[in-house]
Amino acid sequence: MSNTRKVVCLVDGEHYLPVTKSAVGSINSMDHIEVVALIFIGGTEKLKSGDEGSYSELLDTPVYFGDDKAQIPYELIEKVINKYGASIVMDLSDEPVLDYAKRFKIASVVLSNGAIYQGSDFKFEPLTQYDIMEKPSIKILGTGKRIGKTAVSGYAARLIDKNGYEPCIVAMGRGGPEEPEIVRGDEIEINPEFLLEQSNKGVHAASDHWEDALMSRVLTIGSRRCGGGMAGDVFVTNMDKAAKKANKQDSKLVIFEGSGAAIPPIKTDKSIVLVGANQPMEKIVSYFGPFRIMLGDLVILTMCEEPMASAEKIKEIEDFVHKIKKGIDVIPTVFRPKPLGDIKGKKVLFITTAPEAVRDVLTGYLEDTYQCEVVGLSSHLSNRPLLQEDIEKYKDDVDCIITELKAAAVDVVTKEAIESGIELIYCDNVPVPISGDYPDLSQAILKVVDDAIEDFAFNVILD
């Protein structure tokens, strides 16, 4: 079997043909490398009339031209990669034909087709994706941190479990365990005293897999990661070990949960992508935002409310997603708190990672929905000194504290509540679709799950 790597080169009309030919020749002279095609991506300064017809002849390589030579032929790049089974796209172009933004768009196309995008002083490689799953699986990834991946994973797990799929969640976090850790959320009682006991043992008891286990009551497995590349790869992780543990459990389907903008390095049957509508548009439509969106089989927009995102911005994001991923379901949502205990008639301090901008919305929702009085709200769950100040400020005036299980929720909030004798209730965040003509969120998630199961079964037959 040949180990020759097939290369597609991007060339332009700003270079003389003999110079381009020499560059292509130098690539072909490398061991185990073959330039199989060239793609003309623009530029006319040194492109003479008739040169187009002579490109293939002079370079002795098939040359492809887009329909509009003033536009970068992104779709053509994808087609040529797949036609030849190319593993490398070598960029031989330069300014003014390509700028940083256009190169990131090309990189998104190339990486999403499993090839390397390389140039004079850069190299982007496809994501690490371990092919080790022995049962159907999906991944939930996002375009950034604090946009609701754990909340959506928990929501999806409860939904999937309710419909008889028996899911397991594998989470990957910056504070995850040295060895993958199984938490039987379906069997054990997870209360404040238990979590504080784990924290005192040195366990990061507010890690995502503990939150998943508490909120969803399903089996979860925790893993760790360090580093996150621009395209979402991680520097080091033990999620592959966690995936192997998941293979041995009784669960029928595995949900792999991303961390920040890092993508689970496990090959799955389907993917759900979260896009935070509160993020700057530049992070969504530029750099590797499009790449992450391209990976999705369903896109869920989060934080879709004022002042985090206007209706115009939400529509702009929807249109962009449909432009690069035609036909995909896009569902805008907001998050609403759901205490796991009874807070009716109580004075509460609500501690959250939600921004100050939605303080009034969350306060009003809690008071109207659960008939409580929100005496104080702290958005400093990720800032221990400020969080401690907020607790000290309100603790003498409240009947209970409700908190999300994140960041300092155990080592600061839970510890303080237990020591002060204040009732502590953990709080989930539930994605709620905004009004409009959108697909049903639950049905859209279940469709992704059904498709994943079908794809897995089909691949087993092929193998």
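Start by selecting α6 (residues 192–200) and α14 (residues 409–420); helices like these are DSSP runs (H or I, at least four residues; strands are E, at least two), numbered from the N terminus. The crossing of α6 and α14 is left-handed, which is the term used when the near helix is turned anticlockwise from the far one by less than a right angle, while clockwise counts as right-handed. The two axes come within 10 Å and cross at roughly 130 degrees. Those axes are lines fitted to C-alpha atoms, for helices over the stretch in contact, with angles running from 0 to 180 degrees between N-to-C directions. That angle makes α6 oblique to α14 (under 35 degrees is roughly parallel, over 145 roughly antiparallel, 65 to 115 roughly perpendicular, and the rest oblique).

Now show side chains. On α6, pick Pro-192, Glu-193, Leu-195, Leu-196 and Ser-199, and on α14 pick Val-410, Asp-411, Thr-414, Lys-415 and Ile-418: these make the contact, meaning heavy atoms within 4.5 Å. By class, that contact has 5 nonpolar, 2 polar and 3 charged residues. Here Ala, Val, Leu, Ile, Met, Phe, Trp, Tyr, Cys and Pro are nonpolar, Asp, Glu, Lys and Arg are charged, and the others, Gly among them, are polar.

A quick note before moving on: this is a predicted model, so local features need pLDDT of at least 70 and side-chain atom pairs count only at pLDDT 80 or more, while totals for chains, interfaces and linings use all residues. Residues are numbered from 1 along each chain as its sequence is written, and side-chain values use heavy atoms, with hydrogens and water left out.

Arg-384, Leu-387, Gln-388, Ile-391 and Glu-392 of α13 meet Asp-411, Val-412, Val-413 and Glu-416 of α14. Asp-411 also shows up in the contact with α6.

Next, jump to α5 (149–162) and α7 (208–216). Their axes lie 9 Å apart at an angle of about 40 degrees, so α5 and α7 are oblique to each other. The crossing of α5 and α7 is right-handed. Look for Thr-150, Ser-153, Gly-154, Ala-157 and Arg-158 on α5, facing Asp-208, Glu-211, Asp-212, Met-215 and Ser-216 on α7. That contact divides into 2 nonpolar, 4 polar and 4 charged residues.

The largest share of its lining, 3 residues, comes from α5.

Last stop: the largest pocket, with a volume of about 1600 Å³. Select Glu-78, Val-109, Ser-112, Asn-113 and Met-294, the closest to its centre among 48 lining residues. By class, its lining has 19 nonpolar, 10 polar and 19 charged residues.

Conventions:
On a 1 Å grid over the protein atoms alone, a cavity is a set of points where a 1.4 Å probe fits but cannot get out, and a pocket is an open set with protein on both sides within 12 Å along at least five of seven lines; lining residues have an atom within 4 Å of a point. Grid points are joined across faces, edges and corners, and a volume is the space filled by probe spheres set on the points.
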